[in-house]
Amino acid sequence: MEQQATTTLVSPAQQIIDSIAFSLWMDPDHRSRELQLTEYCVQEGHPYQVYETILYYDWGVGVHVVNPT
């Protein structure tokens with residue numbers, strides 16, 4: 001599945017995210033397995049791209065979360 005966002009976002013650092021394109025892979029049980037995305041950005045007139053890959057694994061395994069101190 002591929003999607004592209006068209007809304008312009010501005011971060012606190014005045015980074016403009018012009019668009020985002022992503023691909024999402026699902027497993028046979030319809031759980032997310034991998035997400036790859038590219039952010040097309042402009043900051044101070046300079047265009048650049050940010051690439052991210054997120055891997056999902058260990059579905060159903062317990063998680064222990066500790067509050068930061």
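Predicted model: local features only at pLDDT ≥ 70, side-chain atom pairs only at ≥ 80, totals over all residues.

Biologist: How many helices and strands does the chain have?

Modeller: Helices (H or I, at least four residues) and strands (E, at least two) are DSSP runs, numbered from the N terminus. Here the chain has zero helices and five strands, and the order from the N terminus is β-β-β-β-β.

Biologist: Which strands pair with E4, and in what sense?

Modeller: Two strands pair if DSSP finds at least two bridges between them. Strand E3 (residues 16-26) pairs with E4 in the antiparallel sense over 10 bridges. Strand E4 (residues 32-43) also pairs with E5 in the antiparallel sense, over 10 bridges. Cys41 illustrates both pairings: in E4 it is the bridge partner of Ile17, and its own bridge partner in E5 is Tyr48. Another bridge joins Glu34 to Leu55 of E5.

Biologist: What lies between the strands of each hairpin?

Modeller: Five residues stand between E3 and E4, and in that hairpin His30 takes a positive phi near 65°. Between E4 and E5 there are two residues, and Glu44 in the turn has a positive phi of about 55°.

Biologist: How much of the chain is buried?

Modeller: Buried means under 20% relative accessible area, exposed over 50%, and partly exposed in between, with a 1.4 Å probe and protein chains only. Of the 69 residues, 17% count as buried. The accessible surface, computed by the Shrake-Rupley method with a 1.4 Å probe, comes to about 5800 Å², of which 55% belongs to carbon and sulfur atoms.

Biologist: Why does strand E5 lie largely in the open?

Modeller: Strand E5 (residues 46-55) has 10 residues and the number buried is zero, so the strand lies largely in the open.

Biologist: Is Thr38 buried or exposed, and which residues does Thr38 touch?

Modeller: A contact means heavy atoms within 4.5 Å. Thr38 belongs to strand E4 and is buried, at 14% relative accessible area. Leaving aside residues up to four places away in sequence, Thr38 touches Ser19, Ile20, Ala21, Gln49, Val50 and Tyr51. For the chain, 16% of contacts between residues at least 6 apart in sequence join residues at least 24 apart.

Biologist: How many aromatic pairs are there?

Modeller: Rings of Phe, Tyr and Trp (its six-membered ring) pair if their centres lie within 6.5 Å; planes under 30 degrees apart count as stacked, over 60 as edge-to-face and the rest as tilted. The whole structure has one aromatic pair. Tyr56 and Trp59 form this stacked pair, 6.4 Å centre to centre with 25° between the planes. Tyr56 is partly exposed at 28% relative accessible area, and Trp59 is partly exposed at 42%.

Biologist: Which residues are linked in a network of salt bridges?

Modeller: Side chains of opposite charge can pair when their charged atoms come close. A salt bridge is a side-chain nitrogen of Lys or Arg within 4 Å of a carboxyl oxygen of Asp or Glu. The structure holds two salt bridges, and Asp27, Asp29 and Arg31 are linked in a network. Asp27 meets Arg31 at 3.0 Å, N to O, and the closest N and O atoms of Arg31 and Asp29 are 3.2 Å apart. Asp27 is buried at 12% relative accessibility, Arg31 is partly exposed at 32%, and Asp29 is exposed at 53%.

Definitions and conventions: Residues numbered from 1 in each chain as written. Heavy atoms only, no water.
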